[in-house]
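Please read them with the structure open beside you.

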Amino acid sequence: MSEAEVTTDQPSDQPVTEDAVDTLAVAVAELRPALEAILMVSDEPLGTVRLASVVGHPVTDVEQALVQLAAEYAEQGRGFDLRSVAGGWRFYSRPEFAGVVESFVLEGQQARLTQAALETLSVVAYKQPVSRARVSAIRGVSVDGVMRTLLSRGLVEEAGHDEQSGAHLYRTTSYFLERIGITSLDELPELAPYLPDMDDLEDELASVAGLDEPTPEPTPEPTPEPAAAPEVPTHHPHSSPHSGAGTEPDGGTEVT
């Protein structure tokens, strides 16, 4: 067996899976430099299991090495950080150098989301899964164009249909978590300290969005009047088309 080969507890005809990472006998490369090299070329956060399967080290060793690298970069004041975001690890430029990086990357192009897009994205983030009509009702304007922008940028995705109205529902993506630097939606800041009580507005918002149709009240049956002596009908050669047994007592038709 050469040095590049690895041994596992699985049969020789079975492929090495990520579950077998902890039993690899020979590391592919030195751990910390290998992790740095992989993370340097990755365009998305990488989980520890995936990294361990590539470098050939146990998952626990990989996790420990990533934490140590992140601490060292922060202590040394590098121009980048190693962060755990959206379920994986990735290099990010440090916030204090955001202006320099922005001027280099954008080169005069407008890449920021508009205020309308940010407001719409916020509504989706806090109300998801939510329909376009619901978002429009909350913002008070149509959001069709803005939603298309958010979808094209990968910040929002479809999440099924509303059971009552059949409308498309939308939610934020893992790319959204990555862009704002959090791991899960549970880390979103609470809105209660900054907003009035929204419970009283739910019915109104739903009504504006056309989601909740009011249930019509049953029409009360007319109170029967005391029986009166029958009138003797007057016979005319040409009876009125509105007369006869088919006319309701208070149907709104006047018989002359």
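1. The lining of the largest pocket has, by class, 19 nonpolar, three polar and eight charged residues, where Ala, Val, Leu, Ile, Met, Phe, Trp, Tyr, Cys and Pro count as nonpolar, Asp, Glu, Lys and Arg as charged, and the others, Gly among them, as polar. A pocket is, on a 1 Å grid over the protein atoms alone, an open set of points where a 1.4 Å probe fits, with protein on both sides within 12 Å along at least five of seven lines, and lining residues have an atom within 4 Å of a point.

2. This is a predicted model, in which local features need pLDDT of at least 70 and side-chain atom pairs count only at pLDDT 80 or more, while totals for chains, interfaces and linings use all residues. Residues are numbered from 1 along each chain as its sequence is written, and side-chain values use heavy atoms, with hydrogens and water left out.

3. The space in the largest pocket comes to about 1400 Å³, a volume being the space filled by probe spheres set on grid points that are joined across faces, edges and corners. Of its 30 lining residues, Tyr92, Ser93, Tyr175, Arg179 and Ile180 lie nearest the centre. At least two lining residues come from each of β1 (80-85), β2 (88-93), α4, α5 (115-127) and α8 (174-180); helices (H or I, at least four residues) and strands (E, at least two) are DSSP runs, numbered from the N terminus.

4. Arg94 and Asp81 meet through their side chains in a salt bridge (2.9 Å, N to O), the term meaning a side-chain nitrogen of Lys or Arg within 4 Å of a carboxyl oxygen of Asp or Glu. This pair links distant parts of the chain, with Arg94 in the loop between β2 and α4 and Asp81 in strand β1, 13 residues apart. Both Arg94 and Asp81 are buried, that is, under 20% relative accessible area, with exposed meaning over 50% and partly exposed in between (1.4 Å probe, protein chains only). Arg94 also forms a salt bridge with Glu96, at 2.8 Å between the closest N and O atoms, and a network of salt bridges links Asp81, Arg83, Arg94 and Glu96.

5. A further salt bridge joins Arg90 to Glu178, whose closest N and O atoms are 2.0 Å apart. Because Arg90 lies in strand β2 and Glu178 in helix α8, the pair ties together parts that are 88 residues apart in sequence. Glu178 counts as buried, because its relative accessibility is 10%.
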